[in-house]
Amino acid sequence: MRTLIFAILILLLSSCRYDFAGFVSPPSKTVETRFKESLDMNNNDTIISIASASYQMAFCSDVHVNKTAHNLSILLKEVNSNPDISLMAILGDITDMSGGMFVAKDTITSANMDIPVKYIVGNHDLYFNQWNDFKECFGSASYYFIVQADTVSDFFIVLDSGSGTLGNSQLKWLENLLKSRRHLHRNCTVLTHTHFWDTEMSQFPTGNFPVEETAVLTNLFSKYDVNMVISGHDHTSQVKLFNGVCYIITDAILDESEKWSYLKVTFSDEVSYSFKYM
């Protein structure tokens, strides 16, 4: 048995595909450091102006780019050809290999997207010490943006959950945003990678939020009338309604997935959603 365990450890440590240290220890830069660097990158309010007060947004997650991003290319083409979709978000785990962030960036650039694309950092995006790659390719991991449509606006908050926790500074920032700005907007949506309902620990410290932090966050979302919390991480689409908030987990769209979907959300005076299977 010891020989078998030793052989597995050697295989993991020597593989160019997997970062063993990433599974058993937090990313090399803590969430507190990443949050400070993210805020330093943020400028003034990012406002996306669109023509209609009723619009759609596409969401996907867990691309896990290796050498190819075939399914991502299919999805980008699908979204770009749909005139009803006004913007898109990729909810983390864009890659899990060294250099994969640049493959993803090239794939997205080549798609010539006609709409804004927003990016969320996932735990695998921090393996191989890729935080600097994420910043170079996609920018901040903690930010907000506003979609302005006619006389109404919707508020979107993006969180860095790549370490399986928001950390103290980001949590205070989130609470202040909800307290000071939520009431100014029609709808409020929170976007993050790690979700709140999984109790398995296959990814060790980056896999799940602590129970106490989950309780604090879900109470905040309910108190300040957040409409939706959208995330990935679990590779299987799920929907849960808890204390008046809709929590949605998207499918994984990695190339190994034979059947996968992306999420379409319609933002209007009422918020609705559907999964589009590819």
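## Sheet, pocket and selected residues in a predicted model

Asp234 is found in the loop that joins strand E8 (228–231) to strand E9 (238–242), where helices (H or I, at least four residues) and strands (E, at least two) are DSSP runs numbered from the N terminus. This is a predicted model, in which local features need pLDDT of at least 70 and side-chain atom pairs count only at pLDDT 80 or more, while totals for chains, interfaces and linings use all residues. Residues are numbered from 1 along each chain as its sequence is written, and side-chain values use heavy atoms, with hydrogens and water left out.

The C-alpha atom of Asp234 is separated by 8.1 Å from that of Thr194, a residue 40 positions apart from Asp234 along the chain.

| Residue | Relative accessible area | Class |
|---|---|---|
| Asp234 | 24% | partly exposed |
| Cys60 | 0% | buried |
| Cys246 | 13% | buried |

With a disulfide taken as a pair of cysteine sulfur atoms within 2.5 Å, the count of disulfides comes to zero.

An open sheet of five strands runs in the order E4-E3-E2-E11-E12, with mixed pairing; two strands pair if DSSP finds at least two bridges between them. Strand E4 (117–119) and strand E12 (271–277) stand at the edges with a single partner strand each, so one side of each is left without a neighbour in the sheet. Neighbouring strands of this sheet are turned by 25° against each other on average, direction ignored, the axes being lines fitted to C-alpha atoms. Within the sheet, strand E2 (residues 55–60) pairs with strand E3 (residues 85–90) in the parallel sense over five bridges, and Cys60 stands opposite Ile90 in E3.

The largest pocket has a volume of about 260 Å³. On a 1 Å grid over the protein atoms alone, a pocket is an open set of points where a 1.4 Å probe fits, with protein on both sides within 12 Å along at least five of seven lines, and lining residues have an atom within 4 Å of a point. The lining comprises 15 residues, of which Asn42, Thr46, Ser140, Tyr143 and Tyr144 lie nearest the centre of the pocket. E4 and strand E5 (143–149) are the elements that give two or more residues to this lining, and E4 gives the most, with three residues.

Methods: Buried means under 20% relative accessible area, exposed over 50%, partly exposed in between (1.4 Å probe, protein chains only). Axes are lines fitted to C-alpha atoms, for helices over the stretch in contact, and angles run from 0 to 180 degrees between N-to-C directions. Grid points are joined across faces, edges and corners, and a volume is the space filled by probe spheres set on the points.
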